[in-house]
Amino acid sequence: MKAFISYNTRDYDMASLLRDELNKKSIECWMAPESIPGGDNYAQRIPWAIRNSDVFIVLVSAHSMESYWVQNEIGYAVKCRKTLVPIHLDRAALTDTFTFMLLSCQLIETGGRILEALPEILKALSAAVNENNTKTQPKTGTRRIRPADSPGGKEREKNTDSPGGKEKEKDAKADQRRRLEEMVLEAERCYDRRLYDQAFILFSQAANAGSPEAQLHMGKCLQRGRGTAPDLTKGASWILKAAEQGLQQAQMYAGFLYLKGMGVPVDPNIADKFFEQADRTGSAETELQIGHLCHSAGHYQREKHWYEKAAERDCADAYYFLGILYQNGQGVERDLKKAIDQFLRASERGSAGADERIGWFFHKGYVMARSDADALVWFRRAASHNHKLGEYDMGLCYEYGWGVERNLKEAANWYERSFHHGYRKAGEALRRISRQ
């Protein structure tokens, strides 16, 4: 059984306690942020998790009833026809909105004592799964007999020189490609759910069948020790096989391996060749990814080179990351004037990250005169694009009264938005102000 837990950040302790207890009962629980791999898009991952759950648990409290995130998750679960199991954590009266949304659900009252209510919760979850099973009727029909299953079918398939034989062979190859793609997708789903042993088996089968995507995944599993014993050299060999087949992501990662010396000798010249192969079409997106890999390898001058190539295509993110290099003095001499120039260019082209950085320049008084009022304008501009750091900064402004009247409730709203967009530090801030 897979359960999605919807909760407000200020109820995190209760949510994590419930998750731990359900895990002991072999119920796999999904809850943010722990279940979201680093770097993933929260707005995509949360709907995916709801769709792939067997049951939807919502922790109802005074905090969650104020949260539009929890309301959105409930609405999406209803749209996906998931059975809801609402658990009332406190004695707060249900708002009209929650009364309406949970009208057809049996509310489990806990009075804040999750452990005592656990038997009732388990019973409700079991009933919910049974209800979901009745919603999906098994498909019926007659099995279609393939030519290979019919009398003489195998002989006819082997004869590719007969009329239509080449067409059948082409169809067979297309079927094999589809099966490999489906196997890789299933392996990726297992990997996302941290079922590394199952993922590695599927990646291995697809890799040995020639799938470059599976070869790249298998190489990373070997290098990271996911589902198998770590082996940098063997992992690198699989990644290089995928790169030889022309897979762009593998070519970029192969370059990274030669910069870091992970399973191969350190050789920046070979790394550059792989990077050039990956960027054969001259894409700003590719050049940014290569720049990020160079940053991870600590090759900041190479990072700057690739960002500058992307900037030649007037890429907002390229200006933004060049600004960070100048701000931090990585690969270049630290120069805050050049940094703000790059951030302003990025902002003009729609970069919310650059807006957030400019806000801090005003708050700290870097280059320009210090002004919390101006900082607030730039933070709000970043937050309007759902930028998690901009939202967190707005929380700081309202918590400490930077350029605005102090308002802890408004601060909590911004911190919650930031947390749900993936910034874990915002969860700490929420718990901090809840004690004030």
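Predicted model: local features only at pLDDT ≥ 70, side-chain atom pairs only at ≥ 80, totals over all residues.
Which residues line the largest cavity?

View 1. Five strands form an open sheet in the order β2-β1-β3-β4-β5, and their pairing is parallel. At the edges lie β2 (28-30) and β5 (108-109), each of which pairs on one side only. Strands of a sheet pair through backbone hydrogen bonds, in either a parallel or an antiparallel manner. Strand β1 (residues 2-6) runs parallel to β3 and is joined to it by four bridges, while five bridges join β3 to strand β4 (residues 84-88), again in parallel.

View 2. Strand β3 covers residues 55-60 and is mostly covered, six of its six residues being buried. In a regular strand the side chains alternate between the two faces of the sheet. In β3 both faces are covered, with Val55, Ile57 and Leu59 buried on one side and Phe56, Val58 and Val60 buried on the other. Toward β4, valine 60 has histidine 88 as its bridge partner. From β3 the chain passes through helix α3 (residues 68-79) to reach β4, and this β-α-β crossover is right-handed.

**View 3. Leucine 59 and the nonpolar cores.** In soluble globular proteins, nonpolar side chains tend to be buried together. The largest nonpolar core here has 66 residues, and those with the most contacts inside it are Ile5, Leu18, Ile57, Leu59, Ile87 and Tyr415. Helix α15 (residues 316-328) contributes the largest share of this core, namely seven residues. When neighbours within four places in sequence are left aside, leucine 59 is in contact with Ile5, Ser6, Tyr7, Met14, Ala15, Leu18, Ser64, Ile87 and Leu89. A second, separate core has 26 residues, among them Leu240, Val264, Phe274 and Trp306.

View 4. A search of the whole structure finds one cavity of 30 Å³ or more, and the volume of the largest cavity is about 70 Å³. The residues that line the largest cavity are Phe4, Ile5, Ser6, Tyr7, Trp30, Met31, Ala32, Ile46, Glu73, Phe419 and His420. The elements giving two or more residues to this lining are β1 and α20 (408-420), and β1 gives the most, with three residues.

**View 5. Glycine 427 in helix α21.** Glycine 427 has its place in helix α21 (residues 425-434). Because its relative accessible area is 0%, glycine 427 is counted as buried. Glycine 427 and alanine 412 are 15 residues apart in sequence, and their C-alpha atoms are 9.6 Å apart in space.

Notes: Residues numbered from 1 in each chain as written. Heavy atoms only, no water. Buried < 20%, exposed > 50% of the residue type's maximum accessible area, 1.4 Å probe, protein only. Pairing = 2+ DSSP bridges. Right-handed = clockwise from strand over helix to strand, strands pointing away. Core = buried A, V, L, I, M, F, W, Y, C linked by side-chain atoms within 4.5 Å. Contact = heavy atoms within 4.5 Å. 1 Å grid on protein atoms, 1.4 Å probe; cavity = no way out; pocket = protein on both sides within 12 Å on 5 of 7 lines; lining within 4 Å. Points joined across faces, edges and corners; volume = space filled by probe spheres on them.
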